[in-house]
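Hi there,

Here is the structure I promised to send over. Have a look at it first, and then read on for what turned up.

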Amino acid sequence: MQDFFPAAFLDAIPPALRDVPQQIRSQTGIAVRVQEIDESFARRNPSFASASAVLDIEHRQQSITIRVSLSALSPRIISHELIHLKRNVLESVPKFFPVASASGAEIQSIYLLENALEHLFVVPEEIAAHPEAAPLWARDYATLVDNSQHNGFALCLHWVFLRLVLPAHEAIAEACAAHLNALQDPYLIRVAEYLRRTLQEQRSDKFAMQQTLLKAIDPALRTHIAVGRFAIRDGKLVAERLNDGAWCAGN
């Protein structure tokens, strides 16, 4: 990171986050790289092709890369990815992983689902470090809500984020609710509010939150999802599968 960003840029990132790459390197030997989002990565991950930054963890190759859009770079954007990195590697939080049977489209859906759940944790920490982030996330979610007006489950997830992370931005939540109502499916409205209430109650237990989401998603997608986490074992980064909250061997 020091080789990619000038000192003034890094100084705008909270020290605790700035130190995350070094902590990982000292425990695993992996040097966190920073690279531009290129065509190859965009082809493999079309859902994140236009992202400002993406965390790319490849445990089999023992590599961690923060992929960035140079036009959108800021200390806030890198802080966001460092929070993801801290949670994924140093804190070993449970994650959704696609299993081998998942298609390319299903893999992208699983990554997006995991990202949406993680943002309930990551974005509040980002806002605490960079208060200017709140209106920027509100702007982004206003666009997301508008673009998702025909996707009922996406609107449910947006509703959860808006009510739990951006409660002051009521107008965007109202637009989200209007789109849900326009779909004329009362089940979706109940799902959105059930997820908001239940995920709020489970905020201290991400594994429980994952089980709640798994019950709500399309059963066809559910069969392609495993719950696991990254961990550091004997100086190496590994992915281990979870079974009812307990460790399992293999990936």
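Two strands count as paired if DSSP finds at least two bridges between them. Please keep in mind that this is a predicted model.

Let's begin with strand β5, residues 225–233. β5 and strand β6 (residues 236–243) pair in the antiparallel sense over 6 bridges, and together they form a hairpin with 2 residues between them. Asp234, in the turn, has a positive phi of about 50 degrees. Arg233 has Lys236 in β6 as its bridge partner.

β5 also pairs with strand β4 (residues 95–98), again in the antiparallel sense, here over 4 bridges. In this pairing, Gly228 of β5 stands opposite Lys95.

Is β5 mostly covered or mostly open? It is mostly covered, with 7 of its 9 residues buried.

The largest nonpolar core has 43 residues, and the ones that touch the most other members are Phe96, Leu120, Phe161, Leu162, Leu166 and Ile225. Among the elements that give two or more residues to this core are β5 and the helices α6 (104–129), α7 (133–147) and α8 (152–165). The largest share, 9 residues, comes from α8.

Phe161 is worth a click in your viewer. Leaving aside residues up to four places away in sequence, Phe161 touches His119, Leu120, Val123, Trp137, Tyr141 and Leu166. There is also a second, separate core of 28 residues, which includes Val20, Ile57, Ile78 and Val122.

Methods. Residues are numbered from 1 along each chain as its sequence is written. This is a predicted model: local features need pLDDT of at least 70, side-chain atom pairs count only at pLDDT 80 or more; totals for chains, interfaces and linings use all residues. Side-chain values use heavy atoms; hydrogens and water are left out. Buried means under 20% relative accessible area, exposed over 50%, partly exposed in between (1.4 Å probe, protein chains only). A nonpolar core is a set of buried Ala, Val, Leu, Ile, Met, Phe, Trp, Tyr and Cys residues joined through side-chain atoms within 4.5 Å. Contact means heavy atoms within 4.5 Å.
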